[in-house]
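Please read the following points with the coordinates open beside them.

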Amino acid sequence: LNPYVIKSLRHGSPSDNKPNISNITDFEDKGIMYMIKDPSEFNDKIVVIAGGGDSALDWTIHLSKIAKKVILIHRRNEFRGANDSVASVQKLKDLGKIDVITPAQVSKLNGKNKLESIIVEVDGKENQIVTDYFIPLFGLIPKLGPIKDWGLNIENNAIKVNEKMRKRDYNIMCRERREMSRNDIDVGENMPDEDPPTPTETIL
């Protein structure tokens, strides 16, 4: 049997890219969400979405059909999403079905037991907006996850390799496909100089 199995980590263990707001964790699951699982939760609610990519645009379009009010905030005037999505958002704004505030950023969150309002900075001025939900859709931040604790030579969130894209001073084999802990790998110093044989299975 072939002794080599490749484990592809892709971007490791990604986490939500959260806006830099001091008390944002106080309102997580109390009006702050980083993803939308059940759109019906926003029926007849005021929703503020922040972001300029496809996710922010698509959810703005979708929630405009069911929410009481949708406000889209982006730090730039230009959006990065698909052209047809940008056009749809522009049309909804022109029809008065949504509000779009650019360039602007959410700087503060207010509320007692749940989110009640946000502070938006526009042209150096602070404006308060009453809302039920604030959904920042800024994508994900890639993290290495458990591999950072495996004793490898990590530099700039990447494993240092030689010109053949191999880590010569380690021979790493995952013994259990479903496990990703330190106890499930072998670390040795017997990496052969020649290229390893084709793996029997690539885990993506």
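1. A salt bridge is taken here as a side-chain nitrogen of Lys or Arg within 4 Å of a carboxyl oxygen of Asp or Glu, and the structure holds three of them. The model is a predicted one, in which local features need pLDDT of at least 70 and side-chain atom pairs count only at pLDDT 80 or more, while totals for chains, interfaces and linings use all residues. Residues are numbered from 1 along each chain as its sequence is written, and side-chain values use heavy atoms, with hydrogens and water left out.

2. E28 forms a salt bridge with K18, with the closest N and O atoms 2.8 Å apart. Both E28 and K18 sit in the loop between β2 (15–16) and β3 (46–50), 10 residues apart; helices (H or I, at least four residues) and strands (E, at least two) are DSSP runs, numbered from the N terminus. On accessibility, buried means under 20% relative accessible area, exposed over 50%, and partly exposed in between (1.4 Å probe, protein chains only). E28, at 23%, therefore counts as partly exposed, and K18 is likewise partly exposed at 37%.

3. K69 forms a salt bridge with D99, and here the closest N and O atoms are 3.3 Å apart. This pair links distant parts of the chain, with K69 in strand β4 and D99 in strand β5 (residues 99–101), 30 residues apart. K69 is partly exposed, its relative accessible area being 37%, and D99 is partly exposed at 32%.

4. The side chains of E126 and K108 also meet in a salt bridge, at 3.6 Å from N to O. Because E126 lies in strand β8 and K108 in strand β6, the pair ties together parts that are 18 residues apart in sequence. E126 is partly exposed at 45% relative accessibility, and K108 is partly exposed at 41%.

5. Which strands flank β7 can be read from the bridges, given that two strands pair if DSSP finds at least two bridges between them. Strand β6 (residues 105–111) is joined to β7 by six bridges and runs antiparallel to it, with V106 opposite V120 in β7 and a hairpin of three residues connecting β6 to β7. Six bridges also join β7 to strand β8 (residues 125–130), again antiparallel, and I118 stands opposite I129 in β8. The hairpin of β7 and β8 has two residues between the strands, and D123 takes a positive phi near 55 degrees there. Strand β7 itself (residues 115–122) is mostly covered, since six of its eight residues are buried.

6. The structure holds one aromatic pair, where rings of Phe, Tyr and Trp (its six-membered ring) pair if their centres lie within 6.5 Å, and planes under 30 degrees apart count as stacked, over 60 as edge-to-face and the rest as tilted. The rings of F42 and Y133 have centres 4.7 Å apart and planes at 75 degrees, so the pair is edge-to-face. F42 lies in the loop between β2 and β3 and Y133 in strand β9 (residues 133–136), so the pair ties together parts that are 91 residues apart in sequence. Both F42 and Y133 are buried.

7. H74 is placed in the loop between β4 (69–73) and α2 (83–94), and H74 is buried, with a relative accessible area of 4%. Leaving aside neighbours within four places in sequence, H74 is in contact (heavy atoms within 4.5 Å) with G51, G52, F79, R80, I101, T102, P103 and A104.
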